[in-house]
Amino acid sequence: MVNNGVVIRALRRDETQHVTEMVLSNLFQEEVNLRKASRLMMKPVGNILVACLLIIFYTMTGSIALSVVFAPLAALLSCWGCLWKMHQGHRQRNQLELQDIFEWYNKTGSRFWVAVDGREIVGTVALNRVNDSRAKFTRMGVIPPYRRRGVARRLVRHVEAFCKSEGVLEIFMTTTEFHLNALSLYGKCGYVVSNISVTSPVPGVNVSIVELSKKVQ
């Protein structure tokens with residue numbers, strides 16, 4: 001598939017290492033950043049943490065000004081650490097896949113595609129066949145200079161076209177409540193929330209896992 005110089009094609013064996021590095025980099029950037037840490041801090045447990053830290057800092061320093069500055073900062077870093085723990089858990093659960101992405105997706109019904117501009121890989125997407133009727137969308141990523149240029153939507157349409165040709169009846173994907181860009185993209189592409197579950201990466205911190213799905217037409 002070609003459009004505006006960007007070609008979508010299957011992953012090649014000699015690109016595996018480079019694409020694996022892209023996937024890992026994208027995972028880290030999407031899962032561990034201060035914006036998501038701020039959203040996590042806005043949860044009730046984050047408010048409680050800030051309040052406790054305010055008391056601790058004031059007890060230690062006797063200064064309201066210092067407490068007001070350092071307590072939220074310490075809470076933010078704690079939330080960042082929580083996201084890091086989630087990220088490490090994600091990597092461990094997908095260790096076999098990440099050891100050899102080419103082989104993992106080189107099986108019946110599953111595929112890994114790259115979006116290429118010239119010789120540069122600018123985006124990735126994969127499909128993991130779950131059973132005869134369902135397949136899971138995964139590994140969607142576009143490098144920053146190519147975002148908001150329609151590459152992600154084209155990758156979505158490419159996967160949907162493949163699913164239709166393979167007889168897949170439903171496509172689904174999962175993300176967390178913090179991945180607002182992913183939720184927005186898939187929502188605009190016709191995906192709807194089909195399930196919400198809750199995970200606790202650390203005691204007392206609940207994070208919603210959102211599943212979105214779409215019937216193949």
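Trainee: Starting with Cys-189, is that residue buried or exposed?
Mentor: Cys-189 counts as buried, because its relative accessibility is 14%, under the 20% cut-off. Bear in mind that this is a predicted model.

Trainee: And how about Cys-163, buried or exposed?
Mentor: Cys-163 is buried too, with a relative accessibility of 0%.

Trainee: How many disulfides are there, then?
Mentor: The count is 0 disulfides. Cys-163 is in none, and the nearest cysteine sulfur, which belongs to Cys-189, lies 13 Å away. Seen from the other end, Cys-189 is also in no disulfide, with the sulfur of Cys-163 as its nearest at 13 Å.

Trainee: OK, zooming out. How many helices and strands does the protein chain have?
Mentor: The protein chain has 8 helices and 8 strands. Its C-alpha atoms fill a box of roughly 65 × 35 × 30 Å along the principal axes.

Trainee: What percentage of the residues count as buried?
Mentor: Of the 217 residues in the protein chain, 45% count as buried. The chain exposes about 12,000 Å², and carbon and sulfur atoms supply 57% of that area.

Trainee: What share of the contacts joins residues at least 24 apart?
Mentor: Taking contacts between residues at least 6 apart in sequence, 63% join residues at least 24 apart.

Trainee: Which residues touch the most other members in the largest nonpolar core?
Mentor: That core has 44 residues, and those touching the most other members are Phe-112, Leu-127, Phe-137, Met-140, Leu-155, Tyr-186 and Tyr-191. Helix H7, residues 151–166, gives the most to this core, with 7 residues. There is also a second, separate core of 15 residues, which includes Met-41, Val-50, Val-205 and Val-207.

Trainee: Back to Phe-112, what is it in contact with?
Mentor: Setting aside neighbours within four places in sequence, the contacts of Phe-112 include Arg-9, Ala-10, Leu-11, Val-19, Val-23, Ile-101 and Tyr-105. Thr-124, Val-125, Ala-126 and Arg-139 are in contact with Phe-112 as well.

Trainee: How many salt bridges turn up in the whole structure?
Mentor: The search finds 9 salt bridges. One of them pairs Arg-13 with Asp-100, whose closest N and O atoms are 3.2 Å apart. That pair links distant parts of the chain, 87 residues apart: Arg-13 is in the loop between strand E2 and helix H1, and Asp-100 is in the loop between helix H5 and helix H6. Arg-13 is partly exposed at 40% relative accessibility, and Asp-100 is partly exposed at 22%.

Trainee: Which residue does Arg-134 pair with?
Mentor: Arg-134 forms a salt bridge with Glu-170, at 2.8 Å from N to O. Arg-134 lies in strand E5 and Glu-170 in strand E6, so the pair ties together parts that are 36 residues apart in sequence. Arg-134 counts as partly exposed at 23%, whereas Glu-170 counts as buried at 15%. Salt bridges with shared partners join Arg-134, Glu-170, Glu-211 and Lys-215 into one network.

Trainee: Last one: which residues make the nonpolar surface patch?
Mentor: Leu-66, Val-69, Phe-70, Leu-73 and Leu-77 make the patch, which covers about 450 Å². Val-69 is found in helix H4, residues 64–93.

Definitions and conventions. Residues are numbered from 1 along each chain as its sequence is written. This is a predicted model: local features need pLDDT of at least 70, side-chain atom pairs count only at pLDDT 80 or more; totals for chains, interfaces and linings use all residues. Side-chain values use heavy atoms; hydrogens and water are left out. Patches are made of residues with over 30% relative accessible area and no salt bridge: like charges are joined within 9 Å, nonpolar side chains (Val, Leu, Ile, Met, Phe, Trp, Tyr) within 5 Å. Accessible areas come from the Shrake-Rupley method with a 1.4 Å probe; for residues, only the protein chains shown count as cover. A salt bridge is a side-chain nitrogen of Lys or Arg within 4 Å of a carboxyl oxygen of Asp or Glu. Helices (H or I, at least four residues) and strands (E, at least two) are DSSP runs, numbered from the N terminus. A nonpolar core is a set of buried Ala, Val, Leu, Ile, Met, Phe, Trp, Tyr and Cys residues joined through side-chain atoms within 4.5 Å. Buried means under 20% relative accessible area, exposed over 50%, partly exposed in between (1.4 Å probe, protein chains only). Contact means heavy atoms within 4.5 Å. A disulfide is a pair of cysteine sulfur atoms within 2.5 Å.
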